[in-house]
Amino acid sequence: MPPSGAAVTAQLRQVVHYHLDHYSHDNALFFAERLFAHDHRSGESAYLLALCHFRLGDYRSAYEISRATNYRGIHLNCAYIFAQACLLIERYKDGITALEKSRALWSHKSSFGKHTSTTRAPSPDSASVMCLLGKLYRAYDDKKKAILNFEEAVRLNPFMWDAFVALCDMGVNVRTQNIFKLNDALLDGLDSDQPSGILVEQRDNGVINPADPLIKKPSIRPGVFDAADPFDAQRPAPSNEMLLGNTFLSTGSGENDFMSKIHAARSKMAAAPEPLHDMMESPTMANVDPSFSRIGLTAEPPPAPIRRTRNAQSTDPGLLDTAPKVGYRLTGRRNQKAQEEHPSEPNPAVLRSSAAVVSGIERKRTVSGHPVQPRQPSEEPGAPQRRSARINMFRGANAKTNTGAATVGAGAPRELKKARPPISRLIRPNASTTNLSRNVSGNRKPLEENNMDVDQSEISRAKEMPSQPPVVKTVDPDVVKIEEALKCLIELLRKFGSGYLALSQYRSIDALAAYTSLPRLHQNTPWVLSQIGRAYYEQASYAEAEKFYRSLRLLAPTRLEDMEVYSTILWHLKRETDLSFLAHELVDSSWHSPQAWCALGNAWSLAGDHEQALRCFKRATQLNPKFAYAFTLQGHEHVSNEEYDKALTSYRLAISADRRHYNAYYGIGRVYEKLGNYDKAYTHFHSASIINPTNAVLICCIGNVLEKQRQIVQALQYFSKATELAPHAAQTRYKKARTLLALNQLDAAQEELEILKTLAPDEATVHFLLGKLYKSLNDKGSAVRHFTIALNLDPKASQQIKEAIESLEDDDSYDDSMMT
């Protein structure tokens, strides 16, 4: 008899997942094609085939294969891989449409806390899909929708780091304390009925004893259920196809043997009529959640734990012989949790089984709760009325029939009362923890007062029973540990986020404070070293930045990210040998990386060969057309060659690649300043300063443009601000002193020049300006002395300095020809 098509499909899926999990992508692609040929109508087959092409880097094939399924929006995994391919092949609108059509499949879905080294969620959740939607909208140049999706992604899952980075890179002013905190989505992951992924991960890593069962926290939130609830008879059980093809299936040989026995038992039970269950029997293995196969059960489970009784008396072991051990092992703990959480809701499965056994006959119990054997009615018409009937007269018509009594044989002896089985509150709807003592002890007193016929032995036994203490719900220590670990990680993420946000807003001091507050282990990682070096670079502290990038190279010699910044730092420090060595190392290790070609271009630029530098920068932009910094460096080389039109084109390409790349705005401003178009120069310098308001060079450039437009007072304001941002920058302080001297604010100018003389004692222009100052103060001796020092430091300016000395006796106006 040939196998069924569903069985072949399930086995092919299992083979594809096997090769994907072992990174055998070629093998996975081969069997995915067989699966697609065998079942081409299924969206799962198209998804697996597209996934194999995607992992092999064939994004266009993944796009074509998954395109037909996505138009209907019926398969989430297929839509997700299709959108990923659209993002890489720049078909952003198609990816957005596919995800929006399948919104009903991923909306309000969270899989946080369900991932371990052996368990995966079968499909992406809301946070992942919204993060991908944000990337698509950002590439589609819809900034508003991109921000909305990124914000929703980090709100649902604070560990969605790339969404937070995207928000910072887009210039959004976010609050890290509102993002990195415990939210409902994280708590829902802890409250789920599935075993926590963190506990499974700890168990797999040896932190928890594998022999100990994983405690599952009952759900405290309504509406959160597992995919297969063994206690809900109305929900369909998972099929064999899912058990074979799902990634939740364990790959261990022992577990596979155990699961095969379960499947065989389920197939037999499906054909056999449903047996009658005793009230103490647990649900069978057929209703067990298939995800339990990942926990690591052995083929021979340990004996079932002892049930808790309400008194200290032992239970007759004969009553428990019929309880299946395997089913009780898997579901006994869940039954106990369900009874504690919902004491007033009867279990439908237990009620049905009990009703089938009792068959509508009302079961009676004594005052202490012992079962009473049914007796034949007396044949004598004058027989006295039974005391149980008289007791029931006081209960009235509202007394409910107890259909959950244990099934006891007709020939069972009376002494069975001594071994009292536990009575579940699920099958006694009117019973609870608080009124149990009232039913046992409180009802006894009125019976005695009314002189009713009560068994005195039962009364004495009830008096001897110890009162049951109230049930106190204890907090699961494993869940407490998980919450503490989450809080620790979120606090760490908050520090990382604060540093990255500050650096994205070019608040270098705040970024350095955040990164230096990290633990030492994290400070010595490549990413943090790169961020600290970048912060010093933005402050123009090139020597300090070089130290951190040098440490980064020693720690991660193959890292390419931010190496273009390191090469620029070496260019500013004029370290030609170190820059050449770095460029050759990067090119040798990664010929096709744009960072390597940028470093090589900076090396040629420092050597004075601008044509070779241009070739290297153009090669970098060919490798990555979105690499904005390579376009900016290309524009700088065109400015050095006085090719201003080509420079403007390069800068504009950089802006199109990154709207917040302030270096390109600065470059355009420089070009317009050289061309004498000060209005456009001021506009672009101002745009750059809005993006990076803490850069002293940009503020100083705005002051230069205003000064050339004869707006001296406004220029002084910008020079003063630049001096506050960079107090050790000699060029900025020199321009401020010159402006003060032009406004005849001699005292303030003298103060600035004295500081400047300390910062740059060998600068001829500083001494020349001091000579001008002392000339205005009529201190001719000091003026001649500083003019002479300037002449010795810069003999090329001898003509201007000699004219200044000769004009000491004249009342000429202020001449600033040397400083232009």
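## A buried aspartate to start

As for location, D562 lies in the loop between helix 26 and helix 27 (helices are DSSP runs of H or I with at least four residues, strands are runs of E with at least two, and both are numbered from the N terminus).

A word on the ground rules: this is a predicted model, where local features need pLDDT of at least 70 and side-chain atom pairs count only at pLDDT 80 or more, while totals for chains, interfaces and linings use all residues. Residues are numbered from 1 along each chain as its sequence is written, and side-chain values use heavy atoms, with hydrogens and water left out.

## The same loop, and another positive phi

R559 also sits in the loop between helix 26 (542-555) and helix 27 (563-572). At 16% relative accessibility, R559 counts as buried. Its side chain makes a polar contact of 3.4 Å with that of E561; the term covers a pair of N or O atoms within 3.5 Å, where within protein one must be able to donate a hydrogen and the other to accept it, and residues adjacent in sequence count only if both atoms are side-chain atoms. Leaving out residues up to four places away in sequence, R559 touches P526, W527, S530, L552, R553 and L586 (contact means heavy atoms within 4.5 Å).

E90 has a positive phi too, near 65 degrees. This one is found in the loop between helix 5 and helix 6, and E90 is exposed, with a relative accessible area of 54%.

## The chain overall

What is the fold built from? The protein chain has 41 helices and zero strands. Buried residues make up 44% of its 820 residues. Of the contacts with a separation of 6 or more, 61% come from residues 24 or more positions apart.

The C-alpha atoms of D58 and A85 are 27 residues apart along the chain and separated by 9.0 Å; D58 lies in the loop between helix 3 (43-55) and helix 4 (59-70) and counts as partly exposed at 31% relative accessibility. E576, in helix 28 (residues 576-589), has its C-alpha 9.3 Å from that of W604, 28 residues apart along the chain. E576 is partly exposed at 41%, and touches L606 and A607, not counting residues up to four places away in sequence.

## Helix 8, largely enclosed

Helix 8 (residues 126-139) has 14 residues, and at 1.5 Å a residue they should span 20 Å; the end C-alpha atoms are 20 Å apart, which agrees (the expected span is 1.5 Å times one less than the number of residues). Because 10 of the 14 residues are buried, helix 8 is largely enclosed by the rest of the structure. Among the buried ones are S126, M130, C131, L133 and Y137. The cover includes helix 5 (76-88), helix 6 (92-101), helix 7 (103-106), helix 9 (143-156) and helix 10 (161-169). Just after helix 8, D141 takes a positive phi of about 70 degrees.

C131 counts as buried at 3% relative accessibility, and C86 does at 0%.

## Helix 36, buried on one side

In helix 36, the buried residues are A715, L716, Y718, F719, A722 and T723. They cover an arc of only 165 degrees around the axis, which puts them on the same side of helix 36 (the arc is taken from the directions from the helix axis to the C-beta atoms). The face turned away from the buried side carries the exposed residues Q717 and E724. Cover for the buried residues includes helix 34 (678-691), helix 35 (696-708) and helix 37 (730-742).

## Nonpolar cores

The largest nonpolar core has 80 residues, and those with the most contacts inside it are F150, F164 and V174. Such a core is a set of buried Ala, Val, Leu, Ile, Met, Phe, Trp, Tyr and Cys residues joined through side-chain atoms within 4.5 Å. V174 touches F164, L167, C168, I179 and L501, not counting residues up to four places away in sequence. Apart from that core lies another, of 32 residues, among them A654, V671, C701 and F719.

How values were computed. Buried means under 20% relative accessible area, exposed over 50%, partly exposed in between (1.4 Å probe, protein chains only).
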